[in-house]
Amino acid sequence: VPTLREMPDAYRAQFPAITLDVHVYDAEPARRWIMVDAQRYRENDSLPSGARIAQIAADGVVIDYQNSQVLIPVR
């Protein structure tokens, strides 16, 4: 999965601003969650912008937006 930085400029310009406040990864998928703008989300949840949390991975979050998936890495 490419990172957002690797996507074309036009895609990045339309991509919603996502501030990842908390990233919790666990080997057990039911224990994975993230916090974005003080709201808690799990895999397959949708953000208000329409982006969907496709996967919470050890190294970041895979977001599905406009039929493309991108990795938002944790730093």
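Helices (H or I, at least four residues) and strands (E, at least two) are DSSP runs, numbered from the N terminus. The structure described here is a predicted model, in which local features need pLDDT of at least 70 and side-chain atom pairs count only at pLDDT 80 or more, whereas totals for chains, interfaces and linings use all residues. Residues are numbered from 1 along each chain as its sequence is written, and side-chain values use heavy atoms, with hydrogens and water left out.

The protein comprises 1 helix and 6 strands, and from the N terminus on these elements follow the order α-β-β-β-β-β-β. Its radius of gyration, taken over C-alpha atoms, is 12 Å, close to the 11 Å that the globule rule (2.2 Å times the number of residues to the power 0.38) gives for 75 residues, so the protein is as compact as a globular protein of that length. The C-alpha trace spans about 35 × 20 × 20 Å along its principal axes. Of the 75 residues, 32% count as buried, where buried means under 20% relative accessible area, exposed over 50%, and partly exposed in between (1.4 Å probe, protein chains only). Among contacts (heavy atoms within 4.5 Å) with a separation of 6 or more, 33% are made by residues 24 or more positions apart.

Strand S5 (residues 60-65) pairs with two strands, pairing being assigned if DSSP finds at least two bridges. Strand S4 (residues 52-57) runs antiparallel to S5 and is joined to it by 5 bridges; Arg52 has Asp64 of S5 as its bridge partner, and a hairpin connects S4 to S5 through 2 residues. S5 also pairs in the antiparallel sense with strand S6 (residues 68-73), over 6 bridges. Within this second pairing, Val62 has Leu71 as its bridge partner in S6, and Gly60 stands opposite Pro73. S5 is mostly covered, with 6 of its 6 residues buried.

Most residues other than glycine have a negative phi. At 43% relative accessibility, Gln66 counts as partly exposed. Ala38 likewise has a positive phi, of about 65°, although it is not a glycine. Ala38 lies in the loop between S2 and strand S3 (39-41) and is exposed, with a relative accessible area of 58%.

Ile34, in strand S2 (residues 33-36), is buried, with a relative accessible area of 1%. Not counting residues up to four places away in sequence, Ile34 touches Leu20, Val22, His23, Gln39, Arg40, Tyr41, Ile53, Ile56 and Val61. The C-alpha atoms of Ile34 and His23 are separated by 4.6 Å, although the two residues are 11 residues apart along the chain.

A pocket is an open set of points on a 1 Å grid over the protein atoms alone, where a 1.4 Å probe fits, with protein on both sides within 12 Å along at least five of seven lines; lining residues have an atom within 4 Å of a point. The largest pocket holds about 150 Å³ of space, the volume being that filled by probe spheres set on the points. Its lining consists of Thr3, Leu4, Arg5, Ile18, Thr19, Leu20, Leu71, Ile72, Pro73 and Arg75. S6 gives the most to this lining, with 3 residues. By class, the lining has 6 nonpolar, 2 polar and 2 charged residues, where Ala, Val, Leu, Ile, Met, Phe, Trp, Tyr, Cys and Pro count as nonpolar, Asp, Glu, Lys and Arg as charged, and the others, Gly among them, as polar.
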